[in-house]
Amino acid sequence: MDLEKKGNILNICCIGAGYVGGPTMAVIAKNCKNVKVTVVDVSRERIDAWNDINLQNLPIFEPQLKEIISSCRGKNLFFSTEVSKAISNADIIFICVNTPTKERGLGAGKASNLKWIELCAKQIANFSVGHTLVVEKSTVPVKTAQVLKTILNCNNNNLNNSKKSFSILSNPEFLSEGNAIEDLENPDRILIGGEDENSINLLSSIYENWVDKSKIIKTNLWSSELSKLTANAFLAQRISSINSISALCEKTGADIEQVVEAVGSDKRIGNSFLKPGPGFGGSCFKKDILNLVYLCEFFGLEEVAEYWNSVLKINEWQQDRISKILIEKLFNTLSGKKIAILGFAFKANTNDIRESPAINICNQLINEGAFLKIHDPKVKKEQIEKELKLNNIKENESIDDRNLIDFHNWNIYKSVFDCINGSDCILILTEWEEYKNIEWNDFIECENNTWIFDARLLLDKKKFENSKFNYWKLGS
Ligand code: NAD
Ligand code: UGA
């Protein structure tokens, strides 16, 4: 180990206590007892939530996360807002901050906004002591490590008169939400890109505490940065491909589930990431493809940019398509109709609604005059409020008076039963397990021929053969 430790044990600091920083550091702390991990964030609210004594209000819902936090927090895992102190003590610093799409200026709407990465680099330059390994874990455009290097070397103002130096590594994260702990405990691979072998090996030695060495891929910095964008683009491309075929199935009498089975059983194609749905959501696929498109345009590769942009176009089209089908089946008018929305999260097992297809689809239905009765087991009303930006009625206010509908256009329901009962149609947007076991015969207040739109292929068509419900399944 080349690194001179700043104490008796290896100190890790993680900047950014979000969906990646929190779970990743929890798993490192769990598997490396000789390491002290401090996760810092500028958001006091987030840090307070991570420190919640009863573990009831952790900022992120992930299966098994609570148990790990409970066993490591206060022992070798700490959450704090003292960013400069954690940086000074650190041997290794993971940068896990947000890298959203730029909203204004050069490259707006496509390029990544690296403001938070730059700020981290400046803080590290100011407060680090001695030699520090700086690890890019956030998803970034290729060549970001060069930006980090430049900032670190220009801004190391030696506030504490210490001699400082840095090694920069790229170590992108491949976890998927809702499955984060499982992905972190049993990753397909760990990717480490860097320039100096000792630093790469030091980072590798941390993962080797629980990951087989054969799964650790070592590359140069730029391959590592680009591989992360490419992996997300490939995954998203498979979803757009199958969604485009789902539309063709509906026109031709083919059944998308049968097509998926037939196509996916070819080992060269494989069957994962071929599940049709209302389009991909989540904080990353769209932003990472936009970023890839921007990079291609920047390097003059117009055709390549256009190719990847089409993945995004199909994704938007799929969302519009679902709204249009629903509107058509309801006689082209939603005015005064109550629509039960089952699921608002961008996928099951997460409370995350970033870029969820539910946002576009719900806004389109509201624009058509519908009243939405929304249910999601993990998403809070305040989260939805920010996205629908529309009035909502008070929890106990009657929605039976249809005159109210023009003024109040959605509400959230704690019970699936109350959400569905009395609705004019039901739209399934997230594949929560509990929706599979709904007793459809119980909804006495739903009229005959009430439509169920299953955009997640969650239910069994046979269940509805002799029922009062009309059942529409995506891609069949
Ligand atoms: P997030 O928004 O949940 O968390 C980022 C956190 O960083 C926020 O809490 C923010 O307050 C904090 N932060 C920003 N600047 C800071 C600073 N200078 N000092 C201290 N704290 C600061 O984001 P996320 O979902 O965890 O994603 C982080 C990165 O990881 C992104 O680049 C994303 O593309 C990538 N990624 C995300 C996922 C995922 O599943 N969410 C998976 C793989 C990779
Ligand atoms: C995705 C990748 O799977 C992770 O490897 C990556 O680390 C992460 O992005 C990231 O960089 O942020 P995530 O967005 O959490 O993870 O979730 P996915 O399981 O990939 O699902 C993304 C979206 O695609 C969801 O809306 C999901 O419902 C949809 N999807 C997924 C489908 O419609 N069909 C599928 O077959 C798979």
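**Exercise 1. Find which residues of H12 and H13 meet, and describe the crossing.**

Solution. Start with the contacts. On the H12 side, Gln 319, Ile 322 and Ser 323 meet Pro 357, Asn 360, Ile 361, Gln 364 and Leu 365 of H13. Contact here requires C-beta atoms, placed from the backbone, within 7 Å. The model is predicted: local features need pLDDT of at least 70, side-chain atom pairs count only at pLDDT 80 or more, and totals for chains, interfaces and linings use all residues. Residues are numbered from 1 along each chain as its sequence is written, while chains are lettered from A and ligands numbered from 1 in the order in which they are written.

Next, sort the contact by class. (Ala, Val, Leu, Ile, Met, Phe, Trp, Tyr, Cys and Pro count as nonpolar; Asp, Glu, Lys and Arg as charged; the others, Gly among them, as polar.)

Then take the geometry. H12 spans residues 302–329 and H13 residues 357–367; their axes come within 9 Å and cross at roughly 40 degrees. Axes are lines fitted to C-alpha atoms, for helices over the stretch in contact, and angles run from 0 to 180 degrees between N-to-C directions. The two helices H12 and H13 are therefore oblique to each other. (Under 35 degrees is roughly parallel, over 145 roughly antiparallel, 65 to 115 roughly perpendicular, and the rest oblique.)

Last, the hand. H12 passes H13 in a right-handed crossing. (Left-handed: the near helix is turned anticlockwise from the far one by less than a right angle; right-handed: clockwise.)

**Exercise 2. Work out how H1 and H3 pack.**

Solution. Angle and distance come first. H1 (residues 21–31) and H3 (residues 65–72) pack at about 55 degrees, with axes 10 Å apart. H1 and H3 are therefore oblique to each other. Their crossing is left-handed.

Now list the partners. Pro 23, Ala 26, Val 27, Ala 29 and Lys 30 in H1 meet Leu 65, Ile 68, Ile 69, Ser 71 and Cys 72 in H3. By class, this contact has 8 nonpolar, 1 polar and 1 charged.

**Exercise 3. Do likewise for H9 and H10.**

Solution. H9 covers residues 221–252 and H10 residues 256–264; they pack at an angle of about 130 degrees, axes 9 Å apart. That makes H9 oblique to H10. The crossing is right-handed.

Ile 242, Ile 245, Ser 246 and Cys 249 of H9 meet Ile 256, Val 259 and Val 260 of H10. The contact of H9 with H10 holds 6 nonpolar, 1 polar and no charged residues.

**Exercise 4. Describe the shells around ligand 1 and ligand 2.**

Solution. Take ligand 1. It is surrounded by 27 residues, the closest being Gly 16, Gly 18, Tyr 19, Ser 138 and Thr 139. (A residue is near a molecule or strand if its C-beta atom, placed from the backbone, lies within 6 Å of it.) Helix H5 (residues 115–127) gives the largest share, 3 residues. The shell has 14 nonpolar, 9 polar and 4 charged residues.

Turn to ligand 2. Its shell counts 20 residues; the closest are Ser 176, Lys 275, Phe 280, Gly 282 and Cys 284. H9 supplies the largest share, 3 residues. The classes are 10 nonpolar, 6 polar and 4 charged.

Note on methods: Helix = DSSP H or I, 4+ residues; strand = E, 2+ residues; numbered from the N terminus. Contact = placed C-beta atoms within 7 Å.
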